[in-house]
Amino acid sequence: MPANPKYLNPSFWPRFAKITAAIIGSYFVSISFHLALASWFNRPNVIITTAYSGFIVWVVLMVVTFLAKSGLKIWGLYLLLTLFFSGLIYAGQYHNS
Amino acid sequence: MDNRKYNILFHTHTVSGITISVILYVIFFAGSFAFFRDDINSWQRNETAIPDKVLHLDYDKSLKILDSTYVLKGRHVWFGRLHAERQTVVNLEATMDSLAPKKARISHYLFQDYKTYKSETYEESYALGEFLYRLHFLAQIPYPYGYYLAGFTALFFLFAIITGFLVHWKKIVSNFYVFRPKEKLKTLWTDSHTAVGMIGLPFQFVYAVTGAFFLINILLVAPAVLTFYGGDENKLYNELGYIPTEYPYAGKDLQKPVSINAFAEMAKKRWKDFDVMEVEIQNYGDANMHVIVEGAIPKSEKFNGFGKAVYKATTGELVAQQNPYAQTSYLDGVKNVLYRIHYGDYAGYALKIISFILGLLTCFVILSGVMLWLVARDKKSMPDKKKRFNERVVKIYLAITLSMYPITALTFIAVKIYPQAAMDFIYSFYFIGWLLLVVAFLIKNDYSFTNKYCLLIGGIAGLLVPVVNGIVTGNWFWIALSRGLFQVFFIDVFWIVLAAAGLFAFFHLYKKERIQ
């Protein structure tokens, strides 16, 4: 019953890219997404929501990462998303301060 | 779901599960006992307390006694009944009075008995309930490593829950009714892992998320503090309402003495059914002394019904208040709910017992997962070397996890035989005893032996817990009940039921082996 290895990443680097994207990349996306929300909407409420949704989004993205075809591509996507959300944070702070 | 996705999810579920399994078992096993933390502490001290978090204190008497030992002038004094024990937590901050004697400059965190008014330090009050409670977030490993290890275990547990759920998604309904314990070993492990895992799923989800929040919230807090609050975390906690208002120290003496009892009574009468749970006195004995009374209305009335009244001591004027019957803000609601759903302390013993059972079932899900992992790899195609390695891993896992049951039971006996048992004794007895059991089982090198004898030793020791307690203290559980020592009675009976269940499992296994 162990998983059929033909669907798994065999070599080191693709595997490494996926695992780091799952743990670190997903964290960046989850945090920047929540901070972007916090910079535009009711800040204390969004931050206290992050107390639980921060972890849930992080872990759901972890799962999604492993389903992706390429570890490098998903890293690229996560970095772009993080950059986009960071832009929103910056704009939100500029606009709302 | 296509084959590729299914296999990936299946594999990540296996790897994450196997990696965290031992630590997760320790967390859930100790955590299950932690639901009864306060009862265990009271049981060890051979006493009982009113089972609530309400302050039952004569504040004026308490303050007088504390003042004679610690000098309260210019301090902030905080009372809270954090646990359903006789001990009230008293926090004394260092004085702000520059002329106060030296000993007023030392802060203290004390536990004061609401019946005898005797104070103890944290170390003096340390008992087995506290030990098991702290073991469930690995606090015995130096801070912050134990906390972080437990926190990340919770995080990856959430990952294992979600992947496990997705893997079984299609088969949930059909498989729930499939239980083939007699078919063969593998189907026993598969079916029980799936069925019991599904029953516990909502419970486990809640504990994974809140557990991660308690232990590694720094990962969420730090980026928010850097982004919005210029690196000053106090600003964040202030905005979230965690930091109480500070009233400045006037530096002038309070002219006529005031009664804290009167203020607490005033707050209690303000709202119907209001219970006082925390009292803070700022600037004790100063002209700007303030009394902050906090509490709640019964949970059956309103789940998030906390209230607060702040009085200026000199005039008795109500400076600020929060009405427990008013609409609770979303912020306050979440802050409270995150704790309540983890502690399971909002619906009496019934909820705690259910939570305890679900906690132990989770331990079973973890172990059946490990067994499943082993059995699924026990195939002809698998090289012998790898098979032996897998078996070795499982033997070590089982020796560590299963021996928690007997050593926990034995420690309950030990603290009764040696009534002076404090922190050092509990640490050494539990951890050294645990290690010895693990080593003995590893030498014996047979996991069905480990399983059976853990059940047997734990069962016998568990049945002896109420006996030893009866002999040492004279409070046999029926006497304890007639004397009103409910917490003593409860833990004794709790062990009888738990040990009986364990022994039943042992004899069942024994009989089955005899037949074969």
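User: Why does Leu138(B) count as buried?

Analyst: A residue is buried if 20 or more other C-beta atoms, placed from the backbone, lie within 10 Å of its own, exposed if 12 or fewer, and partly exposed in between. Leu138(B) has 20 C-beta neighbours inside 10 Å, so it counts as buried. The model is predicted: local features need pLDDT of at least 70 and side-chain atom pairs count only at pLDDT 80 or more, while totals for chains, interfaces and linings use all residues. Residues are numbered from 1 along each chain as its sequence is written, with chains lettered from A and ligands numbered from 1 in the order in which they are written.

User: Where does Leu138(B) lie, and what is its phi?

Analyst: Leu138(B) belongs to the loop between H5 and H6 of chain B. Helices (H or I, at least four residues) and strands (E, at least two) are DSSP runs, numbered from the N terminus. The phi of Leu138(B) is near 55°, which is positive although the residue is not glycine. Pro144(B) lies in that loop between H5 and helix H6 (145-168) of chain B. The peptide bond joining Tyr143(B) and Pro144(B) is cis, with omega about 0°.

User: What is the phi of Asn283(B), and why is Asn283(B) called buried?

Analyst: Asn283(B) has a phi near 55°, again a positive value in a residue other than glycine. Its place is the loop between strand S5 (275-282) and strand S6 (290-296) of chain B. With 25 other C-beta atoms within 10 Å, Asn283(B) is buried.

User: Why is helix H5 of chain B said to be largely enclosed?

Analyst: Helix H5 (residues 128-135) of chain B has 7 buried residues out of 8, so it is largely enclosed by the rest of the structure. The buried residues are Leu128(B), Gly129(B), Glu130(B), Phe131(B), Leu132(B), Tyr133(B) and Leu135(B). They pack against four helices of chain B, namely H1 (3-34), H2 (37-44), H15 (404-417) and H16 (423-444).

User: What makes up the contact between domain 1 and domain 3 of chain B?

Analyst: Chain B is divided into domain 1 (1-45 + 127-237), domain 2 (59-126 + 244-341) and domain 3 (377-516), with bounds that come from an automatic or database domain assignment. The C-alpha centres of domain 1 and domain 3 of chain B are 22 Å apart. Two residues are in contact if their C-beta atoms, placed from the backbone, lie within 7 Å. The contact takes 14 residues from domain 1 of chain B and 15 residues from domain 3 of chain B. On the domain 1 side, H1, H2 and H5 of chain B each give two or more residues. H1(B) has the largest share of that side, 6 residues. By class, the domain 1 side has 10 nonpolar, 3 polar and 1 charged residues. Ala, Val, Leu, Ile, Met, Phe, Trp, Tyr, Cys and Pro count as nonpolar, Asp, Glu, Lys and Arg as charged, and the others, Gly among them, as polar.

User: Why is chain B called as compact as a globular protein of its length?

Analyst: Chain B has 19 helices and 8 strands. Its radius of gyration is 26 Å, close to the 24 Å that the globule rule gives for 516 residues, so chain B is as compact as a globular protein of that length. The radius is taken over C-alpha atoms, and the rule is 2.2 Å times the number of residues to the power 0.38. The C-alpha trace of chain B spans about 90 × 60 × 40 Å along its principal axes. Of the 516 residues in chain B, 41% are buried.

User: Where does H1(A) bend?

Analyst: H1(A) bends by about 40° at Ala21(A); the bend is the angle between axes fitted to the seven residues ending there and the seven starting there.

User: Why does Tyr78(A) count as buried?

Analyst: Tyr78(A), in helix H3 (residues 71-96) of chain A, has 23 C-beta neighbours inside 10 Å and therefore counts as buried. Neighbours within four places in sequence aside, Tyr78(A) is in contact with Ala21(A), Gly25(A), Ser26(A), Phe28(A) and Val29(A).
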